[in-house]
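Biologist: I have some questions about the labels used for this model. Can we take them one at a time?

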Amino acid sequence: MDEMNHKKSLSSSVASVVEYFMAHPQSHQGPPMLYQSFSELDRSRLPDVIEGISGVEDMFIEPNEEEALPSEGRNTRVNTHISKNQEHHADVMLGLLYLMVGGVDEAHDLVLPYSLPEDSEWGGPAVYDS
């Protein structure tokens with residue numbers, strides 16, 4: 001997939017983070033983990049580009065009134081009938097975006113409920129059968 005088509009398949013919020021990452025790649029050794037819950041983390045330590053992304057709705061492409069969006073290969077539903085499966089995938093994708101900009105604790109907290117068979121202090125309630 002060429003870069004132009006790749007950018008068209010991302011929501012504007014996600015594309016902004018990917019562009020930031022391409023311009024500011026992270027080293028393989030990230031900052032030390034703080035081991036705090038997602039709600040307690042001070043996200044001001046992260047770049048502003050991630051600030052506007054807060055949940056599943058931000059992970060899907062918003063229909064653009066000026067151009068028709070092909071339905072193949074992308075999800076154009078925003079805030080409407082988002083399935084649990086899509087919500088779970090969006091959490092993991094959001095975790096990857098946080099990881100791309102140095103938010104290792106945020107990434108950890110977002111995927112932890114899918115990784116453990118019990119509730120945790122940092123990730124919250126476990127997500128069973130995900």
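Predicted model: local features only at pLDDT ≥ 70, side-chain atom pairs only at ≥ 80, totals over all residues.

Biologist: Where does Phe38 lie?

Modeller: In the loop between helix H2 (12-23) and H3. Phe38 and His108 are 70 residues apart in sequence, yet 8.9 Å apart in space, C-alpha to C-alpha.

Biologist: Why is Phe38 called partly exposed?

Modeller: Its relative accessibility is 24%. Buried means under 20%, and exposed means over 50%. Phe38 falls in between, so it counts as partly exposed.

Biologist: Why does Leu99 count as partly exposed?

Modeller: Leu99 has 43% relative accessibility. That value also lies between the 20% and 50% cut-offs, so the label is partly exposed. Leu99 sits in helix H3 (residues 84-100). With Val92 and Leu96, Leu99 forms a nonpolar surface patch of about 250 Å² accessible area together.

Biologist: How do you know that the span of H4 is close to the expected one?

Modeller: Helix H4 (residues 104-115) has 12 residues. From first C-alpha to last, H4 reaches 16 Å.

Biologist: Which residues of H4 are buried, and what do they pack against?

Modeller: Asp105, Glu106, Ala107, Asp109, Leu110, Leu112 and Pro113 are buried. They pack against H3.

Conventions
Residues numbered from 1 in each chain as written. Heavy atoms only, no water. Patch = residues over 30% accessible without salt bridge, like charges linked within 9 Å, V, L, I, M, F, W, Y side chains within 5 Å. Areas by Shrake-Rupley, 256 points an atom, 1.4 Å probe, with all protein chains shown as cover. Salt bridge = Lys/Arg side-chain N within 4 Å of Asp/Glu carboxyl O. Helix = DSSP H or I, 4+ residues; strand = E, 2+ residues; numbered from the N terminus. Buried < 20%, exposed > 50% of the residue type's maximum accessible area, 1.4 Å probe, protein only. Expected span 1.5 Å × (residues − 1). Contact = heavy atoms within 4.5 Å.
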